[in-house]
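Please look over the two-chain model shown below before reading on.

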Amino acid sequence: MKESTLFVDDISVVKEGVPILQEVTIKVAPGEIAGVLGRNGAGKSSLAYALMGVERYAPLQGRIWMRGEDITDLSITERAQRGLTLAWQHPARYEGISIRDYLRISSKSVTEASMEDALGRVQLEPRYLERMLDKNLSGGERKRIELASIFLMQPRLAILDEPDSGVDLIALVEIMNLFRDLAENGNSVLIITHREDVAAACDRSYLMCGGRVVLEGSAEAVKRYFMSQCSPCMDIDLENSQAEVR
Amino acid sequence: MPSGAKEYHELVGIARKSGDFSGGFEEEQGAYVVLHANAVLASHTIPGIEITSSETAEGLDATITVLENCHLEKPVRLCFGHLGTEGVQRINSTIHIEKGARATFLSYCIFPNAVEFLHAMEGNITVEEGGEFTYNEIHVHGQEGRIDVRPKTKVLLKDRALYRGDFTLVEGRVGNLDIHMEVVAQGEKSRVELTSKVYGKYNDSCKVRDIILLSGKDSSALIKARVVLKDQSSGSFVGLIDGAAPGARGHVDCAEVVQGEARAEASPVVRASHPEAEVTHEAAIGRIANDKIEGLMAKGLDEDEAVDIIVSGLLR
């Protein structure tokens, strides 16, 4: 537990009377890029919100540990100040804020050069710094700006919720390079995705279904299982899988 | 030190915080008028603009004309203020933008110490054919006390004339604000854009009434209001555009954000008095969406810091 960047210990979340996460346990090691794979509605984003500390997703049971500290009862801000952050699947639209000002929020030590570098890593030119977040940006561009913002934060653990969605122009390998850069110096990344090729590029993956983690193993093994066995819902059959059933 | 020099420097110093100039008005080489209570402390004109004014018992009557085809490169700066805690200031102005003329006026209304004060403005503005006029009114009030602010403006637009009005009151107490704006876009292809940005706190009361009649063929209008209310403040917004001519186009866009025990109402009124007119609206009242606050908190800001950033962006 103590050696993990993140240790999610048997958490369950109920929203409006409906269980949306059930007895979820996952670990992310220092320097690791872990994936959470699953179809729409599997509970992946709910897991991300619970980990980030969104009140509406507070666990009814179980604990969340980060680098040996129990963060279950901490607020979003307190978690972020400890180095946990989330790139939301749908970044909020902030009116009247320039991209430069938005990136400056990421870290007190950002410079013009570091902002330009971060934008370059997501294939955006420096002139984007002048543009407004709520004016004429595509969904893909907003997503890239969010990734640049996360990169500038250099968090201990970045949770990236569907980081590839809408980012058609960036090749997967380039996205993964950004994640690898994020995971330098012992930092970790948890990627939430419904794309098996994204999950396969991780070091290790979890498969979620119906609010539960149903499979854990090497990214390649989880991908193979997902592609061969996962219809919208499934019965687990791991006779031929190299992954570990939960 | 000449009479009124202290007041002049204090008023201009506060105006300077708006960030659009760095020295004194006199260094900007544009036209300006600085009024404290009912005393004109300084004024300057440049070729292309005529300013006549007379002090009244409670303020000033002024007539300003921008001459035909004159394009003023520098904004005309008007500073109406009072450094006292109570009193009355009434400004009556007539502004005439002649044919083909272009001008921007920046009006600073500064009442940093007002506790019981009435600031009333009555303006009549005419923009002749092909003229373009931008009027930005920036208020700076103190953090305590109450002030009654009653700007009432009538605007008449001729063919291809453009009027942009921007009212900002985001610093200090709003007090009792009652904006009443009436625009008649009677000229063909005339255009009007009205923007109001108000931040109400404590028990402030904010009323904004923007009324536009599009009686000119192919005339167009945009009304935009951004109102943030917190504590026990209240706000009401009425934005009415009447499309009364063929090809008239209008849009009303109002967003009010409420926090604490604040109350807000919005009435976007769209009327098409002519069958070939098209007027649309959007209005939203609500608290700041959770995802916006949480998005910034995930970057390490606390909730209050996140709200401040969101509000300042909304009112920018």
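In which strand is B:Thr104 found? B:Thr104 is found in strand E7 of chain B, residues 102–111, where helices (H or I, at least four residues) and strands (E, at least two) are DSSP runs numbered from the N terminus. This is a predicted model, in which local features need pLDDT of at least 70 and side-chain atom pairs count only at pLDDT 80 or more, while totals for chains, interfaces and linings use all residues. Residues are numbered from 1 along each chain as its sequence is written, and chains are lettered from A and ligands numbered from 1 in the order in which they are written.

**Surroundings of B:Thr104**
- B:Thr104 counts as partly exposed because it has 17 C-beta neighbours inside 10 Å; a residue is buried with 20 or more other C-beta atoms within 10 Å of its own, exposed with 12 or fewer, and partly exposed in between, with C-beta atoms placed from the backbone.
- Leaving aside residues up to four places away in sequence, B:Thr104 touches B:Pro75 and B:Thr134, contact meaning that C-beta atoms, placed from the backbone, lie within 7 Å.
- B:Phe133 is 29 residues from B:Thr104 in sequence, yet their C-alpha atoms are 5.8 Å apart in space.

- Chain A comprises 8 helices and 11 strands, and buried residues make up 48% of its 246 residues.
- Not counting residues up to four places away in sequence, A:Ile159 touches A:Ala48, A:Leu51, A:Met52, A:Leu86, A:Leu190 and A:Ile192.

**Helix packing in chain A**
- Helix H4 (residues 112–121) and helix H5 (residues 139–153) of chain A pack at an angle of about 130 degrees with their axes 8 Å apart, the axes being lines fitted to C-alpha atoms over the stretch in contact and the angles running from 0 to 180 degrees between N-to-C directions.
- The contact is made by A:Ser114, A:Met115, A:Ala118, A:Leu119 and A:Arg121 of H4(A), together with A:Ala148, A:Phe151 and A:Leu152 of H5(A).

**Interface between the chains**
- In this interface, 16 residues of chain B are in contact with 18 residues of chain A.
- Helix H2 (290–297) and helix H3 (303–314) of chain B each supply at least two residues of the side of chain B that touches chain A, and the largest share of that side, 6 residues, comes from H2(B).

Terms used:
Two residues are in contact if their C-beta atoms, placed from the backbone, lie within 7 Å.
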